[in-house]
Amino acid sequence: KLCTQHGVQTPNAAIRTHPCPRAGVFTINSIGRLGNQMGQYATMYALAKANGRQAFIPAEMHGALAPIFRITLPVLHRAAASRIPWKNYHLNDWMEERYRHIPGEYVRLTGYPCSWTFYHHLRAEILQEFTLHDHVREEALAFLRRLRASGRRPRTFVGVHVRRGDYVGVMPRVWKGVVADRRYLEQALDWFRARYGSLVFVVTSNGMAWCRESSLRDVVLASNGLQGSPAKEFALLTLAGSSPWAPSGSGPPTSRVGTASTWPTSGSLPASLGIAADLGQSHFDPPFTSFSPDGGHPGLGLKVGGF
């Protein structure tokens, strides 16, 4: 049984007790990589609260997030999950009024929900859930402390995530968009250069070869120019300020925030500035590319091509 008078067993060594929810249970599919897992976790956290339900994360999601973050939602053991008569409920990637009234006793949320519209009103709680473990944070800080700009320690770090890899094919084929090119990257970085002195751009990417070829001044390729682990790269981006998940006080004291994407969607932060895309890469008219210079987070960063 999922619930007993004594609580719910988790995959951890100990048994954590949780009161049986009176109005039903939510869980969610665990699909995709780190960014998707975080979006699914945050979405379920918010929708469970809105619907008065207890949320349980799948063991697979716990395995992806718990080594990095101090998440608190209880874990549903695979054996228990397999015996529950779940009702699948598909989510679009933006909040809708009907999601405040999701029917069913045992509901499994499905889809790739990552939009801020689901959980922006719970921002402080969500950021607390995604607090980095101390050892993850310290490793990233040690890397940033070693960086120098013209022989001096920079006053501002700008985290840059360049999404390529599958996006090179998926963006034009599925999303009918274009991938950020070198000119877009230069314009976005110049926006920060014009506003902040003594800065260094810290780049993480799943296309480091392209980044090396497009390497610009005051740019440092993380992981020695090789794609690193998602946990290490996320920690760097968070502490350098690029991530929308950056917790309060995580970035350098003099930094500010900005994020950028080649596709303005419901997953983008509310504030954004447009940069014209090179539509010569495509045979249609996609929207302009954009980046958000001030999402209200402590840190400074740039996201090129999506998480």
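## Salt bridges in the predicted model

Asp-190 is partly exposed, with 37% relative accessible area. In this predicted model, the side chain of Asp-190 meets that of Arg-193 in a salt bridge, at 2.7 Å from N to O. Both residues belong to helix H7 (residues 182-193), and because they are three residues apart there, about one helical turn separates them. Arg-193 has a relative accessible area of 17% and is buried, since buried means under 20%.

Salt bridges with shared partners also join Arg-33, Arg-163 and Asp-166 into one network. Within it, the side chains of Arg-163 and Asp-166 form a salt bridge with an N to O distance of 3.2 Å. Arg-163 is buried, at 10% relative accessible area, whereas Asp-166 is partly exposed, at 34%.

A further salt bridge pairs the side chains of Lys-49 and Glu-125, with 2.6 Å from N to O. This pair links distant parts of the chain: Lys-49 lies in helix H1 (residues 34-51) and Glu-125 in helix H4 (residues 123-129), 76 residues apart. Lys-49 is partly exposed, with 48% relative accessible area, and Glu-125 is also partly exposed, with 30%.

The structure holds 13 salt bridges. The table lists three of them, including the pair that links H1 and H4.

| Salt bridge | N to O distance |
|---|---|
| Lys-49 and Glu-125 | 2.6 Å |
| Arg-163 and Asp-166 | 3.2 Å |
| Asp-190 and Arg-193 | 2.7 Å |

Key:
Residues numbered from 1 in each chain as written. Predicted model: local features only at pLDDT ≥ 70, side-chain atom pairs only at ≥ 80, totals over all residues. Heavy atoms only, no water. Salt bridge = Lys/Arg side-chain N within 4 Å of Asp/Glu carboxyl O. Helix = DSSP H or I, 4+ residues; strand = E, 2+ residues; numbered from the N terminus. Buried < 20%, exposed > 50% of the residue type's maximum accessible area, 1.4 Å probe, protein only.
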